[in-house]
Amino acid sequence: MSKLLELKKLSVHYQNNKDIVKAVTNVDMVINEGEVVGLLGESGCGKSTLALSILRLIDPPGKIYGEILWGGNNLLNIPEQNMQRIRGAEISMIFQDPFSTLNPVFKVGEQIAEVFRVHKGSSRREAWKKAVEIMDKVHIKDPADRAKDYPHQFSGGMKQRVAVAMSYSLSPRLLIADEPTTALDVTMQKAILEVLKELKTTMLFISHNIAIISSVCDRVYVMQAGRIIEEGTPAEISNDPKNPYTAKLVNSYKEISI
Amino acid sequence: MLRKNKLFIFGLIILISFSLLAVFAHMIAPYDPSEIMENEIQGPSVSHWFGTDDLGRDILSRIIYGGRVSLSVAVVAVAVALTLGILIGSIAGYFGGLFDEIIMRFTDIMLSFPTIFLILAIQSVLSPNIYNVMIVIGATSWMGIARLVRGEFLSLKEREFVEAARAIGCSDLRIIFRHILPNSWPPVIVAGTLGMAGAILTESALSFLGLGVQPPMPSWGNMLMDSQAYLIDAPWMAVIPGLFIVLAVLSLYFVGEGLRQSLNPKEKQ
């Protein structure tokens, strides 16, 4: 397996006049081609910040340090314009809350079509056609009609399907899924996970839920307070945690599920 | 939704008929607006529906031609104000920081001048013709729109769909004009229609003071000015242009409000 993405000593610091908040510290991570990698950790530990920093979407005063190696380039050194070409086309992202990631004034079809218009320069009609096709792929029924609806006419699960469709529409080489099921109820969680598995793409899957991580991921990183503290297969992590924090995290899940 | 809004329909009908009157003024008006008849200061009659003014000109014809002037001043002035206001407000709101500070302090300075005096000062330097009136009104009324747009942008740029748009690779300009701006249309359109109402009033005030549209070209404002000496003897000379100003302004308010409601996608169905 070849390395697709490698993070070397990646840190994200937020600094104002007085003090520094270290959201992510010295993270080393490798994502190989075809792999689904999990990132497990409690809320507030820096998972989403790490995900956003890979796309260089950290706003000032936040600063990213270290290296993000992608196809031999360090993404932290390339100009913003090149980064825009990578976002959505080569690396794309699914956000946690489908209720707020869709723009309320656009038809759903237009939002998916936007990806083709931005990256491929497609005409309005052509982009719309592709949007309908991709909606069919994530199992939205009557895609040609549903594409004309506005986001508020969609249920949460359907919105997340749209978000998946948007992020997958250009067949990116890496998909970052930032807690894609957290805002959904259990049956919808299952449906979205099925859709994500069907895509068979390299994925960084972020969650605080070890059960979900175990069901989709080949390998897991455990994060605590901005640092990676353990790495292994889902089975190793849940059966034989090396780090006491991981053990606690795993146990707390077992307690809840009883 | 919009079809059931009676005030909106009323406003729209009034505005459409005023616009048609303005566009086809040369075909509809019964007389030349500057033609002087034998009988001055004549009350409404069959041959002169709205009567004649102090020089014996047909008031109906002058109202129709005056509408052409007043409405086109309003439309162009608001177009100028919207363009300036949206550009300045969206850039300040989206980029923030020092840039925002400088732009908004400039806006505050512009706001601190009483508009009418600012316009009077500018107009007394420029030659008072209809094009200068349009541009000056536009150039002195963009501040409210800029603030409004900036405020919208400040809150909208933090929304997650903006981050999602960045994550699919949209550039800053595309995010500003395609993703954020359409979300701020409802208040901007309301401000635009109200601004148009305001521009009609400002044009009237300027023409009333003699610094706006110059006679013999009729505008609703300078017709009001002509009437002031004859308020007791010929009240129709004041009432009729006044009525048209009120109707136009009121219709713009109704249409603006109706549009605001219908532009909210949640109220569509």
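In which sense do E6(A) and strand E7 (residues 174–178) of chain A pair, and over how many bridges? The two strands run in the parallel sense and are joined over four bridges; Ile91(A) has Leu174(A) of E7(A) as its bridge partner. Two strands are taken to pair if DSSP finds at least two bridges between them, and helices (H or I, at least four residues) and strands (E, at least two) are DSSP runs numbered from the N terminus. The model is predicted: local features need pLDDT of at least 70, side-chain atom pairs count only at pLDDT 80 or more, and totals for chains, interfaces and linings use all residues. Residues are numbered from 1 along each chain as its sequence is written, while chains are lettered from A and ligands numbered from 1 in the order in which they are written.

Chain A contains 11 helices and 10 strands. Its radius of gyration is 19 Å, close to the 18 Å given by the globule rule for 258 residues, so chain A is as compact as a globular protein of that length. Here the radius is taken over C-alpha atoms, and the rule is 2.2 Å times the number of residues to the power 0.38. The C-alpha trace of chain A spans about 55 × 50 × 40 Å along its principal axes. Of the 258 residues of this chain, 44% count as buried. A residue is buried if 20 or more other C-beta atoms lie within 10 Å of its own, exposed if 12 or fewer, and partly exposed in between, with C-beta atoms placed from the backbone. Among contacts in chain A with a separation of 6 or more, 67% join residues 24 or more positions apart; a contact requires that the C-beta atoms of two residues, placed from the backbone, lie within 7 Å.

The pair E6(A) and E7(A) belongs to an open sheet of six strands, ordered E6-E7-E8-E3-E9-E10, with mixed pairing. Strand E6 (91–94) and strand E10 (227–232) of chain A stand at the edges, each with a single partner strand, so one side of each is left without a neighbour in the sheet. From one strand to the next, the twist averages 20°, where axes are lines fitted to C-alpha atoms, for helices over the stretch in contact, and angles run from 0 to 180 degrees between N-to-C directions.

A further open sheet of chain A has four strands in the order E2-E1-E4-E5, and its pairing is antiparallel. Strand E2 (20–32) and strand E5 (73–74) are the edge strands, each pairing on one side only. Two bridges connect E4(A) and E5(A) in the antiparallel sense, and Trp70(A) has Asn73(A) of E5(A) as its bridge partner. H1(A) packs on this sheet, touching strand E1 (3–15), E2 and E4 of chain A, and its direction makes about 65° with that of E2(A).

Several loops of chain A show particular backbone geometry. Most residues other than glycine have a negative phi, and most peptide bonds are trans. The bond from Pro60(A) to Pro61(A) is cis, with omega near 10°; Pro61(A) lies in the loop between helix H1 (47–54) and strand E4 (62–70). Glu179(A), in the loop between E7 and helix H8 (186–199) of chain A, has a positive phi near 45°. This residue counts as buried, with 22 C-beta neighbours inside 10 Å. Ala225(A) also has a positive phi, of about 45°, and is placed in the loop between strand E9 (219–224) and E10 of chain A. With 15 C-beta neighbours inside 10 Å, Ala225(A) counts as partly exposed.

The contact between the chains takes 24 residues from chain A and 17 residues from chain B. On the chain B side, helix H8 (160–167) and helix H9 (172–180) each supply at least two residues, and H8(B) gives the most, with six residues. That side has seven nonpolar, four polar and six charged residues; Ala, Val, Leu, Ile, Met, Phe, Trp, Tyr, Cys and Pro count as nonpolar, Asp, Glu, Lys and Arg as charged, and the others, Gly among them, as polar.

Within H9(B) is Ile175(B), which is partly exposed, with 19 other C-beta atoms within 10 Å. Apart from neighbours within four places in sequence, Ile175(B) is in contact with residues including Val162(B), Ala165(B) and Arg166(B). The C-alpha atoms of Ile175(B) and Ala165(B), 10 residues apart along the chain, are separated by 6.9 Å.
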